[in-house]
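Subject: Structure handover

Hello,

Here is the structure we talked about. Please open it first, then read my notes below.

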Amino acid sequence: MEDVYGGRESQGNIVQPTFKYIKRNLLTAGLDVTINARYNFGTERSLDTVPRRFTWTGESIPKNPKDPNAPGGENDLTDYRYKNNNGNLTANISYAINKNNSIMINHLLTTFDRKGKDHYYPDLEVNKLPRKTIKNITGIGYRTSILDRWDANIFLKNYNQNGKYFNELEKETYENVEISINKIGYGLATSYFLNPDIQLKASYEKAYRLPDNTELFGDAINISGNPGLRPESSDNINLGLSYALKLQKNQQIIIDANYIFRNAKDFIRQYVGPLSSNNKRELKSANLRSVRNNSVDINLKYYFKNLFSVGGNMTYQT
């Protein structure tokens with residue numbers, strides 16, 4: 001926190017109907033379908049009408065000492081009321097070819113369309129410009145297992161995002177910007193039981209993270225948007241070991257140890273922007289060139305029958 005606010009407010013409500021559909025053995029044995037959907041009809045409000053400057057102790061002085069009664073806000077005089085109109089749909093289809101082989105298809109659709117108006121400036125051009133995205137992520141995977149000891153999954157993903165936004169060329173002069181992203185990701189995950197008590201696990205994924213709506217468009221409060229963000233891309237490697245130690249007939253300890261490596265490019269990170277004309281700052285997102293992470297985590301859990309369990313974990317990251 002570098003800036004102090006004492007009277008600014010954000011308000012909102014969520015009106016979000018949801019839909020869920022699950023069907024096992026649809027039309028034929030082994031074909032399962034799950035669909036989840038929701039849509040937010042709620043409203044938001046960003047309110048800044050107190051023409052004073054505050055300190056960390058809660059004291060304040062007029063923003064304009066020459067005219068203490070002049071209208072204004074701590075940052076800008078605003079009463080912006082808007083709807084984000086965001087929706088989400090996930091669909092999963094799986095088909096068991098036989099006991100040891102199956103295929104999966106899943107799809108994620110998200111939509112976003114912000115529309116609003118400022119009570120004090122109802123004809124403000126910037127509030128009439130588009131802030132919308134449609135994101136589609138589709139994956140297809142194949143799973144196989146042998147003798148209940150070896151299990152493998154291979155998958156392919158398509159990441160697609162399209163949207164509309166704008167850039168400010170100069171004061172109150174704007175140009176429309178179209179966002180179009182299409183990337184292909186893939187991966188493999190496998191596990192193998194050396195014996196009934198020891199399992200080895202490994203996975204690799206070429207993954208992408210598409211910019212979210214707050215990063216692209218801001219939040220109309222303290223975060224400004226950046227429509228030029230590129231998607232994160234990363235190479236992720238996981239190696240793991242699970243060991244089940246049976247102490248007595250009714251007692252067991254499970255130990256999980258994992259090594260995780262992540263090499264990300266165009267990593268999206270927030271930073272504090274420069275001072276505005278009102279001597280206030282906003283958060284903004286930008287792409288970093290490269291971020292690398294190595295980590296080890298260990299999980300330990302003790303079980304007594306099906307009555308009691310206790311555990312803990314430790315993580316080390318560099």
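Strand β12 covers residues 150–170 and strand β13 covers residues 173–195. The two run antiparallel and are joined by 20 bridges. Bear in mind that this is a predicted model.

As a general point, strands of a sheet pair through backbone hydrogen bonds, either parallel or antiparallel.

Next, N287. This residue is in strand β17, which spans residues 283–304. Is N287 buried or exposed? It counts as buried, because its relative accessibility is 19% and the cut-off for buried is under 20%. Two polar contacts involve its side chain. A polar atom of the N287 side chain lies 2.9 Å from the backbone nitrogen of R230. The side chain of N287 also reaches the backbone oxygen of D266, at 2.8 Å. Beyond four places in sequence, N287 is in contact with G228, L229, R230, D266, F267 and I268.

Compare I237, in strand β15 (residues 232–248). I237 has a relative accessible area of 32%, so it is partly exposed. Residues up to four places away aside, I237 touches S203, Y204, Y259, I260 and F261. How far is I237 from F166? The two are 71 residues apart in sequence and 38 Å apart in space, C-alpha to C-alpha.

Last, the rings. The structure holds eight aromatic pairs. One of them is Y80 with Y82, a stacked pair. Their centres are 4.8 Å apart, with 20 degrees between the planes. Y80 and Y82 are both buried. There is also a charge over a ring: the charged end of R8 sits over Y5, 4.4 Å from the ring centre.

Best wishes

Technical notes:
Residues numbered from 1 in each chain as written. Predicted model: local features only at pLDDT ≥ 70, side-chain atom pairs only at ≥ 80, totals over all residues. Heavy atoms only, no water. Helix = DSSP H or I, 4+ residues; strand = E, 2+ residues; numbered from the N terminus. Buried < 20%, exposed > 50% of the residue type's maximum accessible area, 1.4 Å probe, protein only. Polar contact = N/O pair within 3.5 Å; in protein donor to acceptor, adjacent residues only side chain to side chain. Contact = heavy atoms within 4.5 Å. Pairing = 2+ DSSP bridges. Phe/Tyr/Trp six-rings, centres within 6.5 Å; stacked < 30°, edge-to-face > 60°. Lys NZ or Arg CZ within 6 Å of the ring centre and 35° of its normal.
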